[in-house]
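This note is intended for a colleague who is meeting the structure for the first time. Please read the points below with the model open.

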Amino acid sequence: MNKFNLNSLIRENILSLDPYVSARTEHHKEKNSIFLDANENSFGSPLSFLNSYNRYPDPLQKELKEKIADFKNVSPSQIFLGNGSDEIIDLVYRIFSRPKVDHAIIFPPTYGMYEVSGKIHEVDVIKIFLTEEYYQLNLDKIEKVLNPNSKIIFICSPNNPTGNDIKREDIEEITKKFTGIVVLDEAYIDFSNKKSLSMEIDKYPNLIILQTLSKSWGLAGLRIGIAIASESIIRWMNKVKYPYNISFLSQKIALKALENRDLFFFHLKNILAEREYIQKSLIKIPIIQKVYPSSANFLLAKINFSSKNLYQYLMRKKIFVRDRSKIILCKNCLRITVGTHEENEYLIDQIRKYSIQKREI
Ligand SMILES: *Cc1c(COP(=O)(O)O)cnc(C)c1O
């Protein structure tokens, strides 16, 4: 990691940007003061029985970052919070890639937003498919496409929709060699028995780790995505983001949830047990060709024939799974999120019934 130079990677318009300074950046936590600086409604909202909604939220989410930092064992200054991980992906494109000049590299089959966000920014997205057998990185091919306009590499581990961990040695090798930014999306890391790379963040100045409160924490409705990276990268993100990107309500509720670690771990344990239950039940059903090993809260299952029919059958039974059959290397695959035990039982039951019908035809 010798040639990495953060400032040389930052787009010129961002380098020279004077960020917007919101009224509350400076006085956010002052107590017993009169706030006439942000054009808020001092009388309150029509919901005035509830406090504080008339005030702008903390733009840098200090309290929430401290809680998250404590849980993740990193420093609060190494954390950025986004309006979902999607905001962070968008910011990474904004900060590090020039439209029509630079490109990003992704490894399909993987999360769709890396490509969509690239297209929105008019940044080319080069695809290097994961290996067919174990959905791992193809290191030789990656090296061949790298050039000075390669700015961002997106790695998703555990990967969506395949569910497997990407080999840690491969991730570290790429991160060491690459002179651009590596985004490692760990949205599902809490479901994996592999360790997060967040402990190594001091070793890799070009690494941005994405996590989220949407999956293991069960807070998808709040829209809170987490980036863990060097202090310098986080500073750039803070400069470019919208001033009040996380609402007051989201910050407040997230703080409350983070206090209840016991329930978090209890749900996590249940999800892992249920994942195993679905896995074991599915492989016994004749129409299921394969269930891929999963380190996430979903399973990818390959059906013996067109998965579309099963998908539609389940929909008629009011069960929604994700048909991934059109995605590269996922032919006839359904992605099934782990539900509650009752939900999973019903799902298995319906797939069994479908399988029996199929045999009788
Ligand atoms: C669900 C998911 C996220 C989380 O997105 P949020 O915007 O934080 O809800 C991020 N990356 C991947 C790969 C996901 O599947």
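**Notes on a pocket, helix packing and backbone geometry**

1. The lining of the second largest pocket takes at least three residues from domain 1 (6–22 + 59–259) and at least three from domain 2 (262–360). The model under discussion is a predicted one, and the points that follow should be read accordingly.

2. How much space lies in the second largest pocket? The volume is about 440 Å³. Its lining consists of 27 residues, and those nearest the centre of the pocket are Y111, G112, N160, R324 and R335.

3. Helix α6 (113–120) and strand β11 (333–337) each contribute at least two residues to its lining. Sorted by class, the lining of this pocket comprises 14 nonpolar, 7 charged and 6 polar residues.

4. Helix packing may be considered next. Two packed helices are described by the angle between their axes and by the distance between those axes. For helix α5 (residues 85–96) and α6, the angle is about 45 degrees and the axes lie 10 Å apart. This angle makes α5 oblique to α6. The crossing of α5 and α6 is right-handed. Helix α6 also supplies at least two residues of the pocket lining described above.

5. Which hand does the crossing of α4 and α10 have, left or right? The crossing of these helices is left-handed.

6. Most peptide bonds are trans, and most residues other than glycine have a negative phi. The bond from P108 to P109 is cis, with omega near 0 degrees. P109 is placed in the loop between β2 (103–106) and α6.

7. Where does P158 lie? This residue is in the loop between β4 (150–156) and α8 (168–177). The peptide bond joining S157 and P158 is cis, with an omega of about -5 degrees.

8. Finally, Y135 is not a glycine, yet has a positive phi of about 55 degrees. Y135 belongs to the loop between β3 (124–127) and α7 (139–145).

Notes:
Residues are numbered from 1 along each chain as its sequence is written. This is a predicted model: local features need pLDDT of at least 70, side-chain atom pairs count only at pLDDT 80 or more; totals for chains, interfaces and linings use all residues. Side-chain values use heavy atoms; hydrogens and water are left out. On a 1 Å grid over the protein atoms alone, a cavity is a set of points where a 1.4 Å probe fits but cannot get out, and a pocket is an open set with protein on both sides within 12 Å along at least five of seven lines; lining residues have an atom within 4 Å of a point. Grid points are joined across faces, edges and corners, and a volume is the space filled by probe spheres set on the points. Helices (H or I, at least four residues) and strands (E, at least two) are DSSP runs, numbered from the N terminus. Ala, Val, Leu, Ile, Met, Phe, Trp, Tyr, Cys and Pro count as nonpolar, Asp, Glu, Lys and Arg as charged, and the others, Gly among them, as polar. Domain bounds come from an automatic or database domain assignment. A crossing is left-handed if the near helix is turned anticlockwise from the far one by less than a right angle, and right-handed if clockwise. Axes are lines fitted to C-alpha atoms, for helices over the stretch in contact, and angles run from 0 to 180 degrees between N-to-C directions. Angles under 35 degrees count as roughly parallel, over 145 as roughly antiparallel, 65 to 115 as roughly perpendicular and the rest as oblique.
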